Amino acid sequence: MLAVRLPEGHGLPEAAVLQLRDHFESCQFSIGGHLSPWPTYTSGQTILHNRKPCSYDYRKRAGSWQQQPLGTTKPRYLEQLENYLRKELLLLDLSTDSAQELRLQPYREIFEFFIEDFKTYKPLLSSIKNAYEVMLAHQREKIRALEPLKAKLVTVNEDCNERILAMRAEERYEISMLKKEKMNLLKLIDKKNEEKISLQSEVSKLRKNLAEEYLHYLSERDARKILIADLNELRYQREDMSLAQSPGIWGEDPVKLTLALKMTRQDLTRTQMELNTMKANFGDVVPRRDFEMQEKTNKDLQEQLDSLRGDYEEVCKEHEILLQLHMTTLKERDQFYSELQEIQRTSTPRPDWTKCEGVVAGGPDRWQMLAEGKNSDQLVDVLLEEIGEGLLREKDFFPGLGYGEAIPSFLRFDGTVENKKPTKKDVVNLLKDAWKERLVEEQKEKFPDFFFNFLENRFGPGDAMAWAYTIFENIKLFRSNEVMSQFYALLMGKRSESVYIKQKETVVQLLKEMTNADSQNEGLITMENLSTVLKSTFPFKREERIQQLMEAGGWHSNSSNADLLNYHSLFIEDEEGQSMPFVQKLWEQYMDEKDEYLQELKQELGLELHDKVTLPKVREALMNIDPGLDKQTLNSYLSQAFQLPVTELPEEGEEKEEGIVEQLQIALEQLQMIDLRRMGAREQEPAS
């Protein structure tokens, strides 16, 4: 007998439980030990059979059960469960987001009642319930994980759709412009064709008129000749008659006159024959004047026709070129669109630099001043400097770097040193004082040793190391500051002192030339004077770089040569050592020209960076790219490139082919450190 047990707290009346037990006790069992189902023909909801029959006998018994109706009614326990389910469902608040989860709870409780009552099937039903619960939990986690992805996907989809629509609008505009241009060209071609046809018709009309005029003049000529012949014949007859009527008038012999007349007539006949021969030979010949006029007209028309034909062919070629350009543009558009999609898929969004306004000290005004004219890479440097400045001020001590060979001599120390926490203005003033003292002395010791001695003299031996670490950390951080970055490059051995000294000399020379150009000594010069000073000071600069310097000095496209410029303002420095745009552009051009010079040297050598290069080849290449190099400057370049004293360099013509060898990349890096500039123009390139 099947025991029916309900869990404690099930909430069902005792009478319903007793009736359920009576119902299960009255159920008949089949031969195979299966519990007979509740009849399907009774009133209420239909219960489907989920059991799959395993044998023919079972199907037969199942059929017999369907044919034999049972006179039982729906168990009260079932009705109580259904009522309990309906009541729980009505009590649920289905307006929340978790309505479906709450809806499952009543069904879960009823299923647990069945699991607890049917002890025999409890393991199977529990495993089924656990499997569904695990799957539901897994699906919940997956849905929860996909929710942010769904929102992100919607955002990305909207962004991509907007960009695609923008690109399509731009493409439609370009296509419409190309179509308009094509229509204009087609109209131009039609107009040229119409002009050609008009000229051809005019030529044919002129030819027809020429033929008619020729026939008219030919008939006029023949009529004139006939008239002249008739007049001559009448004159001859009149003379004969006059001679016959009065033979004594002339006092001549009539026989003699008759003979003379006869001879004259023979001459006339011969002349007439010659005239007829000439008519036969030259009857179709037009007068030279008419021929020359018609020939000139024909030549003019032929030239016009050739010109129109050339214009037509040129228009046809331009049309073909435009068609090819259109196809190329379409291909490039498709390629750019593919690249854009790839970039949109792989690239990260551009940062919103306005967010830094509330973080940087000084607020939006200072951030706009710092960010003016800078790209993203430079803005990152500025932001790092601002962050690093705050962190640097929070440090009270710096750890010593030790006494290793790789450590610069002025930083060799064990232990901790105090952070003096100076301002940027204090650091810049200290570096300027160091430069002034360095330029005064004879520069016998190395620059790092000089710098440490300068700090000892300024702050004493006790604080010199602390100030060395403090200044080093500051100049290493503020790379955007000209004075600090140049000083850092010198301390680390990345640049020679001659670069800084030559740059200062160039600035001083420019100021001196501008002062000489200021004839009124008012501190003002014209833009024309500025251009003249720049071209005389930098004779090998290209015209576009001279133009860039003038624009940095304040010249604009709408400025005239007579505009005045306060040239002293070009060389002013702020309290942190930052120069004006004119001096900054001068330094940028110097670095660009040095890179171009070294690149030209590399191309002249025709070697890769990892290849070896000999001293004679470098000497020859330098002389080829810069014929204006004097011997002293050339030897200084070679000495720096191969790290040899000038006195140990072999003379030209005495070098061995496999003598002094250096890797090209190392040689170029050594030349990058020193003051390297062009001393003359190439032979095939005149100086600007």
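Axes here are lines fitted to C-alpha atoms, for helices over the stretch in contact, and the angle between two axes runs from 0 to 180 degrees between N-to-C directions. In this predicted model, the axes of helix 17 (residues 581-605) and helix 18 (residues 615-625) come within 9 Å and cross at roughly 120 degrees. Helix 17 is therefore oblique to helix 18, since angles of 65 to 115 degrees count as roughly perpendicular, those under 35 as roughly parallel, those over 145 as roughly antiparallel, and the rest as oblique. The protein chain as a whole holds 20 helices and six strands, and 27% of its 688 residues count as buried. Among the contacts in the protein chain with a separation of 6 or more, 66% join residues 24 or more positions apart.

**Helix 17 and helix 18**

- The crossing in which helix 17 passes helix 18 is right-handed.
- On the side of helix 17 the contact is made by Tyr 597, Glu 600, Leu 601, Glu 604 and Leu 605, and on the side of helix 18 by Lys 617, Val 618, Ala 621, Leu 622, Asn 624 and Ile 625.
- Sorted by class, the residues of this contact between helix 17 and helix 18 are seven nonpolar, one polar and three charged.

**The largest nonpolar core**

- The largest nonpolar core has 35 residues, of which Phe 410, Leu 431, Phe 451, Leu 455, Ile 471, Ile 475 and Phe 487 touch the most other members.
- At least two residues of this core are supplied by each of helix 10 (424-440), helix 11 (447-459), helix 12 (461-477) and helix 13 (482-491).
- Helix 12 gives the largest share of this core, with nine residues.
- Another core, of 23 residues, lies apart from this one, and includes Ile 625, Leu 634, Leu 664 and Ile 674.
- As a general background, nonpolar side chains in soluble globular proteins tend to be buried together.

**Helix pairs that contribute to the core**

- The axes of helix 10 and helix 12 come within 11 Å and cross at roughly 110 degrees, and these two helices are therefore roughly perpendicular to each other.
- In that pair, Val 427, Leu 430 and Leu 431 of helix 10 meet Trp 467, Ile 471, Asn 474 and Ile 475 of helix 12, and the contact of helix 10 with helix 12 has six nonpolar residues, one polar residue and no charged residues.
- Helix 11 and helix 13 pack with their axes 8 Å apart and at an angle of about 115 degrees.
- Phe 447, Pro 448 and Phe 451 of helix 11 make the contact with Phe 487, Leu 490 and Leu 491 of helix 13, and by class the residues of this contact are six nonpolar, no polar and no charged.

**Individual buried residues and their partners**

- Ile 471 lies in helix 12 and counts as buried, because its relative accessibility is 0% and the cut-off for buried is under 20%.
- When residues up to four places away in sequence are not counted, Ile 471 touches Val 427, Leu 430, Leu 431, Phe 451 and Leu 455.
- Although Ile 471 and Tyr 488 are 17 residues apart in sequence, their C-alpha atoms are 9.6 Å apart in space.
- Ile 475, with residues up to four places away in sequence again left out, touches Val 427, Leu 431, Met 484, Phe 487, Tyr 488 and Leu 491.
- Leu 411 lies in the loop between strand 1 (397-399) and strand 2 (416-418), and at 0% relative accessibility Leu 411 counts as buried.
- Leaving aside neighbours within four places in sequence, the contacts of Leu 411 are Leu 401, Gly 402, Met 465, Ala 468, Tyr 469 and Phe 472.

**Loop residues with positive phi**

- Asn 521 is not a glycine but has a positive phi of about 55 degrees, and its place is in the loop between helix 14 (497-517) and strand 3 (524-526).
- With a relative accessible area of 65%, Asn 521 is exposed.
- Gln 643, likewise a residue other than glycine, has a positive phi near 55 degrees, and its place is in the loop between helix 19 (631-642) and strand 6 (661-663).
- Gln 643 counts as partly exposed, at 48% relative accessibility.

Notes
Residues are numbered from 1 along each chain as its sequence is written. This is a predicted model: local features need pLDDT of at least 70, side-chain atom pairs count only at pLDDT 80 or more; totals for chains, interfaces and linings use all residues. Side-chain values use heavy atoms; hydrogens and water are left out. Helices (H or I, at least four residues) and strands (E, at least two) are DSSP runs, numbered from the N terminus. A crossing is left-handed if the near helix is turned anticlockwise from the far one by less than a right angle, and right-handed if clockwise. Contact means heavy atoms within 4.5 Å. Ala, Val, Leu, Ile, Met, Phe, Trp, Tyr, Cys and Pro count as nonpolar, Asp, Glu, Lys and Arg as charged, and the others, Gly among them, as polar. A nonpolar core is a set of buried Ala, Val, Leu, Ile, Met, Phe, Trp, Tyr and Cys residues joined through side-chain atoms within 4.5 Å. Buried means under 20% relative accessible area, exposed over 50%, partly exposed in between (1.4 Å probe, protein chains only).
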